[in-house]
Amino acid sequence: MYKHICKRIVDIIVSLVALPFLLLIILIVGLLIKLEDRGPVFYRADRLGKNGTPFHMFKFRTMKVHAADIRNEDGSTFCSASDPRLTKIGKVLRETSIDELPQLLNVLFGQMSLIGPRPDLVEMLSVYEGEEARKLDIVPGITGYNQAYFRNSISMKNRFENDVFYVDNLNFRLDVKIIYRTILLLTQRKHVYNE
């Protein structure tokens, strides 16, 4: 019951309650982004949703306009503290994970959940092996098992394994642990980059 009904109800309630705060953050952060380089405030990323259905995931833009797409060997997005593509405000947004807050809109629209496997790039669909695609059996999340315990410190293959573990063990208690661990990791600012 939690997996199919209660989880969605929690998502709706939390995203609706957070909406006024999100709008205020959008005004402040949007102004800071515009003041730095006058580029767009948001970055819309095409990601894989439940059952592999693509959707536009919202984030605050943290990189310079028209920045090159750089990937790690395993296909994951390159993420480094010394990345020259990051704007000054973008570096702060990324280190504090404030850049992820617009995804509350995706939660409200039902494309994402507060907790679940992080949504992958659309092209990752061809990379999954064996059971890995089972991570798409549920709605992706703003935070999840990987973000709570490892953030960016493990390989893509390990992330896929953990995502399937979460799908198989999804329950209220695990979600509460993930929220607690996510807050802990954010306050410590650990594993922000995957270098």
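Student: What should I know about the source before reading values?
Tutor: This is a predicted model, so local features need pLDDT of at least 70, side-chain atom pairs count only at pLDDT 80 or more, and totals for chains, interfaces and linings use all residues. Residues are numbered from 1 along each chain as its sequence is written, and side-chain values use heavy atoms, with hydrogens and water left out.

Student: Which residues make the nonpolar surface patch?
Tutor: First the rule. Patch residues have over 30% relative accessible area and no salt bridge; like charges are joined within 9 Å, nonpolar side chains (Val, Leu, Ile, Met, Phe, Trp, Tyr) within 5 Å. Areas come from the Shrake-Rupley method with a 1.4 Å probe, and for residues only the protein chains shown count as cover. Here M1, I5, I9, I13, V17 and F21 make a nonpolar patch of about 670 Å².

Student: Is V17 buried or exposed?
Tutor: Buried means under 20% relative accessible area, exposed over 50%, and partly exposed in between (1.4 Å probe, protein chains only). V17 counts as exposed because its relative accessibility is 54%.

Student: Where is V17 found?
Tutor: Helices (H or I, at least four residues) and strands (E, at least two) are DSSP runs, numbered from the N terminus. V17 belongs to helix α1, residues 2-37.

Student: How many salt bridges does the structure hold?
Tutor: The criterion is a side-chain nitrogen of Lys or Arg within 4 Å of a carboxyl oxygen of Asp or Glu. The structure holds 13 salt bridges. Take R61 and D37: their closest N and O atoms are 2.6 Å apart. R61 lies in the loop between β2 (54-60) and α2 (88-96), and D37 in helix α1, so the pair ties together parts that are 24 residues apart in sequence. R61 counts as buried, at 7% relative accessibility. D37 is partly exposed, at 31%.

Student: With which residue does K135 form a salt bridge?
Tutor: One partner is D120, with the closest N and O atoms 2.8 Å apart. K135 and D120 each lie in the loop between β3 (113-115) and β4 (141-143), so this pair ties together parts that are 15 residues apart in sequence. K135 and D120 are both buried. K135 also forms a salt bridge with D163, the closest N and O atoms being 2.8 Å apart. That pair links distant parts of the chain: K135 in the loop between β3 and β4, D163 in helix α5 (residues 156-169), 28 residues apart. D163 is buried, as is K135.

Student: Which residues are linked in a network of salt bridges?
Tutor: K59, D99, E100 and R118.

Student: How do I read the cavities, and how many of 30 Å³ or more does the structure hold?
Tutor: On a 1 Å grid over the protein atoms alone, a cavity is a set of points where a 1.4 Å probe fits but cannot get out; a pocket is an open set with protein on both sides within 12 Å along at least five of seven lines; lining residues have an atom within 4 Å of a point. Points are joined across faces, edges and corners, and a volume is the space filled by probe spheres set on them. There is one cavity of 30 Å³ or more.

Student: Which residues line the largest cavity?
Tutor: L48, G49, P117, R118, P119, D120, K135, L136, I138 and P140. For classes, Ala, Val, Leu, Ile, Met, Phe, Trp, Tyr, Cys and Pro count as nonpolar, Asp, Glu, Lys and Arg as charged, and the others, Gly among them, as polar. The lining has six nonpolar, one polar and three charged residues. Within it, P119 sits in the loop between β3 and β4. P119 is buried, at 9% relative accessible area.

Student: What lines the second largest pocket?
Tutor: It has 15 lining residues, of which K3, H4, K50, I138 and V139 lie nearest its centre. The pocket volume is about 310 Å³. α1 gives the most to the lining, with six residues. By class, the lining has six nonpolar, three polar and six charged residues.

Student: What is the phi of R38?
Tutor: Most residues other than glycine have a negative phi. R38 has a positive phi of about 60° although it is not a glycine. R38 lies in the loop between α1 and β1 (42-48). R38 is exposed, at 71% relative accessible area. N51 also has a positive phi of about 60° and is not a glycine. N51 is in the loop between β1 and β2, and counts as exposed at 60% relative accessibility.
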